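Me: I have a structure open and a few things to ask about it. Can we go through them one at a time?
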Amino acid sequence: FNKSHSSRYAIVAYQTAWFKVHYPLEYMAALLTYERIDQKKTVQYIEECRRMGIAVLPPDVNSCDADFTVDRTTPSPAAGGPGRGELQNSAAIRFGLAAVKGVGERAVESIIAARKEHGKFTSIYEFAERVDLRLVNKGVIEALIKCGAFDSTGGRRSQLSAVAEKALAVGNEAQSDRRNGQMNFFDSFSAQAAAAPKDTSMPDLAEWPENKMLEAEKEVLGFYVTSHPLSQHAETIERYATHFIAELPATPANSEVTVGGMLTRVRPTVTKSGKNPGQKMAMITIEDLTGSCDGVLFPADLAKAKDLIVMDAMVFLRGRLDRSREIPSVIVTEAVGIEQAVEKMTTSMVVSLNSTGTTAESLAKLAKVVEDHRGGTPIYFSLLTKHPEGGHPVVVTMRPDSKFNVRACVGLQHQIDQVLGPGHVKFAGPKRRPRKPVPATEVTAAGVAAPADGATAAPAPAAAPVADRIKEYAPPVDHIDDALDAEE
């Protein structure tokens, strides 16, 4: 019995994997449609689409059906992540209107029927005249405005929200006239022409602030469409979090985890028992770009982090994974503000150099910057240079003695950028899997970062001694991550 079930599940797993690889758009559209009632899973799978390079376009009354569908007529914008680049400009997935909270199946059927009968909607007023307002009520229209489904009809969401009631009144009057058999001027020329609204003006209003727009999208969709408050911090979260929240269900109990994101729920409470009954503690929910999870801070830990544990705060939470319930949660022992992550969570730092473009002068300036930022964070130098025996260039990575450790901070990065140009500094945080440290080597600042005064500024002659010196202490590697994994 067990073997028969496991073999059947293996076949299903193979089939779904095959569809995901060969028909990723169709597969993800079907998966999103199937899970549309579960907002948490919908958020997780939309993030998976982004990682695959597939854009999920926002709801639109002029394009979307009830289910998630593949749209090959609209070029897909960049999906904001690594993935199959060939998909980014060929097609996208259209959001299913039935997945919008507060919009029922029958309302969606009425919208689609009206669109098929007379074409796309040109305004919210025309929309209100053509759909069945017994099914598409004020709540439905407000939900569609909040998620941006009317953006293609013109007008800002603030304007559309302000005229929603007036559009309903105009639509109800036009539909009442039609039910009573009255014909307006335009209907006398064409039975299919829509009645001209009495007043289609829009108030002169500025668009909603971004935070209000995002809150409205989150309310009716369960996630953000226009942007995400965490988008600007996505790289920082990926660097310093040991786990994405979507990975927690597959993580062993009692594992030490660090998750980063935004606090979407903070509920203060008090302890009812234990050593210190009556003290403040907090129940929280944190959300990243892959999902959300709950956590708890007991009194001693809350006292240390109380200034960070507030609604909408961007934080990293360290703690132990609790698997005592069906859904994993985190027992939080430490909180770090996302702006403090570089200084407090950086475990090492890498400065990339190129043997054909790094001059003696820039190396001397780099040495001075490092000297001015002494601290406790190990620093690595990664040098792209020619192989001594010819062939393809290699990356040689080395770590100086601990006396050259630095104080990691954004200011240090900015100063190195001024010397070498942007993109030469990489901070590293806690690894997603254990790594053994690379042994420290004895390399003098003069031999690596500050060549003797008077050294020629010509790129190749100046860099060659540096490369030769480094090779005494570190073997060639193809990438900096190989150096960090050198002894695994």
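**Pocket lining and aromatic pairs**

Reply: Go ahead; this is a predicted model. The lining of the second largest pocket divides into 13 nonpolar, 9 polar and 8 charged residues.

Me: How much space lies in the second largest pocket?

Reply: About 670 Å³. The pocket is lined by 30 residues, and the closest to its centre are Lys40, Lys41, Thr290, Gly291 and Ser292.

Me: Which element gives the most to that lining?

Reply: H3, with 9 residues. Helix H3 (39-52), strand E5 (280-288) and strand E6 (291-297) each supply at least two residues.

Me: Changing topic. How many aromatic pairs are there?

Reply: The structure holds 7. One of them is Phe127 with Phe150, edge-to-face, at 4.8 Å centre to centre and 90° between the planes.

Me: What does that pair tie together?

Reply: Phe127 is in helix H6 (residues 124-130) and Phe150 is in the loop between helix H7 (138-146) and helix H8 (157-179), so the pair joins parts 23 residues apart in sequence.

Me: Is Phe127 buried or exposed?

Reply: Buried, at a relative accessible area of 0%. Phe150 also counts as buried, at 0% relative accessibility.

Me: And Tyr240 with Phe316, why is that pair edge-to-face?

Reply: Because the planes of the two rings are at 80°, and the cut-off for edge-to-face is over 60 degrees. The ring centres are 6.1 Å apart. Tyr240 is in helix H10 (residues 234-240) and Phe316 in strand E7 (residues 314-322), so the pair links distant parts of the chain, 76 residues apart. Both residues, Tyr240 and Phe316, are buried.

Me: Last one. Which residues form one aromatic cluster?

Reply: Trp18, Phe19 and Tyr23.

Conventions. Residues are numbered from 1 along each chain as its sequence is written. This is a predicted model: local features need pLDDT of at least 70, side-chain atom pairs count only at pLDDT 80 or more; totals for chains, interfaces and linings use all residues. Side-chain values use heavy atoms; hydrogens and water are left out. On a 1 Å grid over the protein atoms alone, a cavity is a set of points where a 1.4 Å probe fits but cannot get out, and a pocket is an open set with protein on both sides within 12 Å along at least five of seven lines; lining residues have an atom within 4 Å of a point. Grid points are joined across faces, edges and corners, and a volume is the space filled by probe spheres set on the points. Helices (H or I, at least four residues) and strands (E, at least two) are DSSP runs, numbered from the N terminus. Ala, Val, Leu, Ile, Met, Phe, Trp, Tyr, Cys and Pro count as nonpolar, Asp, Glu, Lys and Arg as charged, and the others, Gly among them, as polar. Rings of Phe, Tyr and Trp (its six-membered ring) pair if their centres lie within 6.5 Å; planes under 30 degrees apart count as stacked, over 60 as edge-to-face and the rest as tilted. Buried means under 20% relative accessible area, exposed over 50%, partly exposed in between (1.4 Å probe, protein chains only).
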